[in-house]
Amino acid sequence: MRPNSQELKRKSSHDTEREFGGTLGAIGIPIFLPLTVLFLISTSRSPEASVLQWPPSLPSTDQLWDPLALVVLLCWIALHALLYLMPLGKVSEGLVLRDGSRLKYPINGFHGLCITGVLLMFLVGLGAPLGYLFELLVPLAVCAIAVSFLFSVYLYIRSFLAPSHALALGGNTGNPLYDFFIGRELNPRIGNFDLKYFCELRPGLIGWVVINLGMLMKEVELRGSPSLAMILVNSFQLLYVADALWNEEAVLTTMDIVHDGFGFMLVFGDLAWVPFTYSLQASFLVVHPQALSSLRAAVIITLNGIGYYIFRKSNSQKNQFRRDPSHPSVARLETIATATGKRLLVSGWWGLVRHPNYLGDLLMALAWSLPCGFSHLLPYFYVIYFAVLLIHREDRDERQCRTKYGLAWDTYCRRVPYRIFPYLY
Ligand code: NDP
């Protein structure tokens with residue numbers, strides 16, 4: 001047994017460092033972020049679309065509830081649960097758990113996306129008013145927030161039935177508010193149905209591109225055809241979602257699956273935050289159409305292409321290296337040894353900065369905002385928020401890597417001094 005993992009196993013989960021501002025964050029974030037979602041949707045469709053306007057634009061109470069929204073949301077989640085259970089695609093094993101076992105996961109998210117696409121085309125062909133999603137957005141977000149709270153309560157309660165080795169190391173502090181927020185159980189399952197893995201990439205992520213499509217259809221209703229800006233936003237974000245689902249297996253080695261418990265933070269992020277705030281550019285464009293010259297469009301497409309190239313190449317390089325370090329595409333890269341037996345890449349993409357995948361992601365985020373012009377700050381919300389999220393995430397990851405790899409991580413940091421932006425940060 002290797003010393004570092006032994007140490008991790010022995011470490012009592014009660015003395016782990018608290019994240020996201022501890023108890024204060026655990027109380028404040030579940031109040032503040034749902035309100036932010038409603039504020040942003042409301043602002044994106046107001047004529048001023050000003051995030052700095054006072055009093056802030058919030059939906060009126062009669063706009064909050066529509067029974068149709070609840071039906072749509074529950075049917076949507078049920079559809080994706082069915083697609084998850086389809087015997088399509090391969091089955092992969094996750095990383096080894098603390099009790100030495102490995103869980104099995106169906107890799108069929110991309111199939112789910114394609115089937116959803118065909119179903120939508122069929123429904124639109126039959127005359128389904130997909131553009132009505134624009135009107136339904138606020139009540140849908142309210143329902144997604146309510147479902148996130150209820151689901152997190154269920155997850156918290158059921159986590160007390162789980163054996164201690166099935167709890168996340170950071171989610172079992174004994175403080176109910178914090179544990180509810182950060183997540184106690186690592187891989188809650190109903191039979192073989194993995195609740196966290198299901199929520200990570202399916203209802204919310206696919207929901208995001210469907211909301212985008214709804215905004216495009218609304219634009220067609222209002223103006224006869226979709227604008228170039230709307231087409232770019234839809235295409236870029238569809239590429240991103242399709243890529244995530246095509247490479248679904250890679251999610252099995254991410255922090256969310258390997259390290260974080262399944263609590264309010266991830267549930268709300270997956271089911272409410274991602275679909276309703278990541279689609280802000282599209283909903284902004286419905287009310288604030290933007291003219292886009294071919295030259296500007298070409299520059300934006302190039303920027304998205306560069307970002308995607310860096311993002312995909314660096315993620316694939318690390319995944320390949322972790323799966324099979326002797327593979328010809330990574331075998332020649334320079335690496336350093338660590339006490340855990342795993343090695344760290346110090347050349348190739350991971351020799352450029354310590355998180356090249358975040359760099360690519362951020363360049364894409366900028367390209368998604370630029371089609372919305374420069375008159376408003378709101379469409380840039382995503383890139384600003386995402387920079388904060390990735391800087392924070394990078395910091396969390398560094399702390400975990402330092403715990404895992406000790407001196408070897410310090411050597412890596414000396415060899416590759418920049419975290420995300422070469423020569424800047
Ligand atoms: P990463 O894919 O960046 O993985 C970090 C892990 O990689 C580390 O914990 C370490 O794990 C390993 N690693 C770090 N440095 C090296 C190295 N030099 N050589 C080999 N292995 C190394 O984690 P994330 O889950 O944060 O990101 C995955 C992708 O998801 C990124 O592209 C990110 O941009 C994206 N993302 C998108 C979000 C969104 O909302 N759109 C939100 C969050 C992430 P170990 O050594 O144990 O293998």
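User: In this predicted model, which residues are exposed on the other side of α18?
Analyst: Let's start with the side that's tucked away: Ala408, Trp409, Tyr412 and Cys413 are the buried residues of helix α18, which spans residues 407-415. Looking down the axis of α18, those buried residues fall within an arc of 145°, so they line one face of the helix. On the other side of α18, the exposed residues are Leu407 and Arg414.

User: Is Thr277 buried or exposed?
Analyst: Thr277 sits in helix α11, residues 264-277. Leaving out residues up to four places away in sequence, Thr277 touches partners including Val37, Leu40 and Phe381. The relative accessible area of Thr277 is 1%, and the cut-off is under 20%, so Thr277 counts as buried.

User: How do α13 and α16 run relative to each other, roughly parallel or roughly antiparallel?
Analyst: The axes of α13 (residues 294-323) and α16 (residues 356-369) come within 7 Å and cross at roughly 155°. Angles over 145 degrees count as roughly antiparallel, so α13 relative to α16 is roughly antiparallel.

User: How many residues of the contact of α13 with α16 are charged?
Analyst: α13 passes α16 in a left-handed crossing. Among the residues making the contact are Ile300, Leu303 and Phe311 of α13, along with Asp361, Leu363 and Trp368 of α16. The contact residues divide into 13 nonpolar and 6 polar, and the number charged is 1.

Note on methods. Residues are numbered from 1 along each chain as its sequence is written. This is a predicted model: local features need pLDDT of at least 70, side-chain atom pairs count only at pLDDT 80 or more; totals for chains, interfaces and linings use all residues. Side-chain values use heavy atoms; hydrogens and water are left out. Axes are lines fitted to C-alpha atoms, for helices over the stretch in contact, and angles run from 0 to 180 degrees between N-to-C directions. Helices (H or I, at least four residues) and strands (E, at least two) are DSSP runs, numbered from the N terminus. Angles under 35 degrees count as roughly parallel, over 145 as roughly antiparallel, 65 to 115 as roughly perpendicular and the rest as oblique. A crossing is left-handed if the near helix is turned anticlockwise from the far one by less than a right angle, and right-handed if clockwise. Contact means heavy atoms within 4.5 Å. Ala, Val, Leu, Ile, Met, Phe, Trp, Tyr, Cys and Pro count as nonpolar, Asp, Glu, Lys and Arg as charged, and the others, Gly among them, as polar. Buried means under 20% relative accessible area, exposed over 50%, partly exposed in between (1.4 Å probe, protein chains only). The arc is that of the directions from the helix axis to the C-beta atoms.
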